[in-house]
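Reader: I am new to reading protein models. Can we go through this one in short steps?

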Amino acid sequence: MGEADKKVLTGIIYQAVAGFYYVWSNDQSYTTKPRGNFRHQKLKPLVGDYVQFEMDLEDDTSVGRIFKMEPRKNRLLRPPIANVDYALLMLSLKEPDFSYNLLDHFLVLLESYKIKPIILLSKVDLLKESISPQKAEERIQEIRTLYQNIGYSVIALDRTGQDDLSPLIDIIHDGVYVVIGQSGVGKSTLLNRLIPNLELETSAISQSLNRGRHTTRQVSLYAYKDGLIADTPGFSSISYDHLSLENLSLCFPEIKEASYGCRFSTCVHLNEPHCHVKSMVGEGQIAVSRYQNYVSLYQKLAERPKNYNRK
């Protein structure tokens with residue numbers, strides 16, 4: 001392929017399979033591979049990366065060569081994806097049971113990557129069957145009120161497919177969206193509803209493990225409205241390897257806001273006097289569960305080795 005036959009394009013990687021990277025550019029899909037020097041430079045493209053690549057103008061079926069990756073705004077390790085703008089964060093209300101602790105851990109992870117969360121509560125129907133419709137609605141409203149007061153969107157869904165998805169659809173615009181949560185909470189089911197021809201494999205809950213089997217085997221981006229939605233594997237663990245102790249409070253929006261009222265700028269909201277955060281917890285303006293999860297995470301991060309490698 002001579003220089004005159006080359007065409008340079010820019011696009012976003014929407015799928016990566018067996019060393020090949022499929023790039024969406026100018027409303028068309030291209031099959032590409034990175035140049036050999038990427039390996040020597042220890043550069044590994046990810047789904048969500050914006051790249052520049054060369055294509056052979058004489059052969060539309062040729063494999064393009066990625067020669068440049070644009071700077072990333074963020075990068076997730078689990079799942080491996082870059083440049084995420086929003087997260088559809090799914091937690092089930094039943095099977096597995098809802099956990100404030102797990103939700104807050106996910107929210108901290110997303111805040112640390114500057115990803116805006118949209119909280120989705122799945123399996124409303126199962127919760128209603130296990131207690132009563134009235135108690136279930138009270139439970140959902142309790143969760144919704146707590147997190148909406150912080151500034152998060154909260155949407156409840158069931159498994160039947162008869163509920164109204166318009167509250168979710170209405171807030172999906174441009175940007176890259178990732179669907180995350182535990183296994184078995186309904187991520188693939190939701191994506192099959194949003195994109196009917198997707199037909200992702202879904203699985204039943206494992207009774208022995210009380211969690212779903214990982215049914216989505218690779219990360220892929222799918223066009224939806226003006227944005228792109230990624231389907232991702234279920235999470236078995238959450239890592240804060242990248243998060244420094246000093247930045248933890250920034251990942252709790254209400255604690256970050258309240259900290260401006262603390263007398264000491266170095267206050268970490270544990271045992272310091274004149275701590276505005278603790279005052280607001282005592283007054284009920286910051287949820288006790290949120291503060292307790294902050295303290296628990298602070299202690300966990302503080303126990304890491306002093307020379308722990310963090311960015």
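Reader: Which residues does Ser92 touch, not counting residues up to four places away in sequence?

Author: A word first: this is a predicted model. Ser92 is found in strand E8, residues 86–92. Leaving out residues up to four places away in sequence, Ser92 touches Asp97, Phe98, Ser122, Lys123 and Val185.

Reader: Is Ser92 buried or exposed?

Author: Buried means under 20% relative accessible area. The relative accessibility of Ser92 is 3%. Therefore Ser92 counts as buried.

Reader: How far does the backbone oxygen of Pro96 lie from a polar atom of the side chain of Ser92?

Author: A polar contact needs a pair of N or O atoms within 3.5 Å. On the Pro96 side, the atom is the backbone oxygen. On the Ser92 side, the atom belongs to the side chain. The distance between these two atoms is 2.4 Å.

Reader: Which helix has six of its eight residues buried?

Author: Look at residues 187–194. Lys187, Ser188, Leu190, Leu191, Asn192 and Leu194 are buried there. With six of eight residues buried, this helix is largely enclosed by the rest of the structure, and its name is H6.

Reader: What do the buried residues of H6 pack against?

Author: One partner is a helix, H5 (166–169). The others are strands, and E8 is one of them.

Reader: Which residues have the most contacts inside the largest nonpolar core?

Author: In soluble globular proteins, nonpolar side chains tend to be buried together. Here the largest nonpolar core has 70 residues. Helix H2 (residues 100–112) gives the largest share, seven residues. The residues with the most contacts inside this core are Tyr147 and Leu248.

Reader: How many residues are in the second, separate core?

Author: Leu88, Ile118, Leu194 and Tyr224 are included in the second core. This core is separate, and its size is 18 residues.

Reader: Which residues is Tyr147 in contact with, leaving aside neighbours within four places in sequence?

Author: Contact means heavy atoms within 4.5 Å. Neighbours within four places in sequence are left aside for Tyr147. What remains is Tyr100, Leu103, Asp104, Leu107, Ile119, Tyr152, Val154 and Arg290.

Reader: What covers the buried residues of H9?

Author: Helix H9 runs over residues 288–302 and reaches 21 Å, close to the 21 Å expected. Its buried residues are Arg290, Tyr291, Asn293, Tyr294, Val295, Leu297, Tyr298 and Leu301. Their cover includes H2, H4 (133–150), H7 (253–258) and H8 (276–282).

Reader: How many disulfides does a search of the whole structure find?

Author: Cys267 and its closest cysteine sulfur are too far apart for a bond. The search covers the whole structure, and the number of disulfides found is zero.

Reader: Which residues does UniProt list for "binding site"?

Author: The entry is unreviewed. Cys262 and Cys275 both have their place in the loop between H7 and H8. Cys275 is in contact with Cys262, Cys267 and His269, leaving aside neighbours within four places in sequence. Under "binding site", the UniProt record lists Cys262, Cys267, His269 and Cys275.

Reader: What is the relative accessible area of Cys262?

Author: The cut-off for buried is under 20%. Cys275 is buried, at 4%. Cys267 is buried, at 8%. Cys262 is buried too, and its relative accessible area is 10%.

Reader: What separates the C-alpha atoms of Met69 and Val51?

Author: Met69 lies in strand E5. Met69 and Val51 are 18 residues apart along the chain. Even so, Val51 is among the contacts of Met69. Their C-alpha atoms are separated by 4.5 Å.

Reader: Is Asp59 buried, exposed or partly exposed?

Author: Asp59 has its place in the loop between strands E4 and E5. The relative accessible area of Asp59 is 30%, so Asp59 is partly exposed.

Notes. Residues numbered from 1 in each chain as written. Predicted model: local features only at pLDDT ≥ 70, side-chain atom pairs only at ≥ 80, totals over all residues. Heavy atoms only, no water. Disulfide = S-S within 2.5 Å. Buried < 20%, exposed > 50% of the residue type's maximum accessible area, 1.4 Å probe, protein only. Helix = DSSP H or I, 4+ residues; strand = E, 2+ residues; numbered from the N terminus. Polar contact = N/O pair within 3.5 Å; in protein donor to acceptor, adjacent residues only side chain to side chain. Core = buried A, V, L, I, M, F, W, Y, C linked by side-chain atoms within 4.5 Å. Expected span 1.5 Å × (residues − 1). UniProt positions renumbered as here; feature names shortened; annotations may be inferred.
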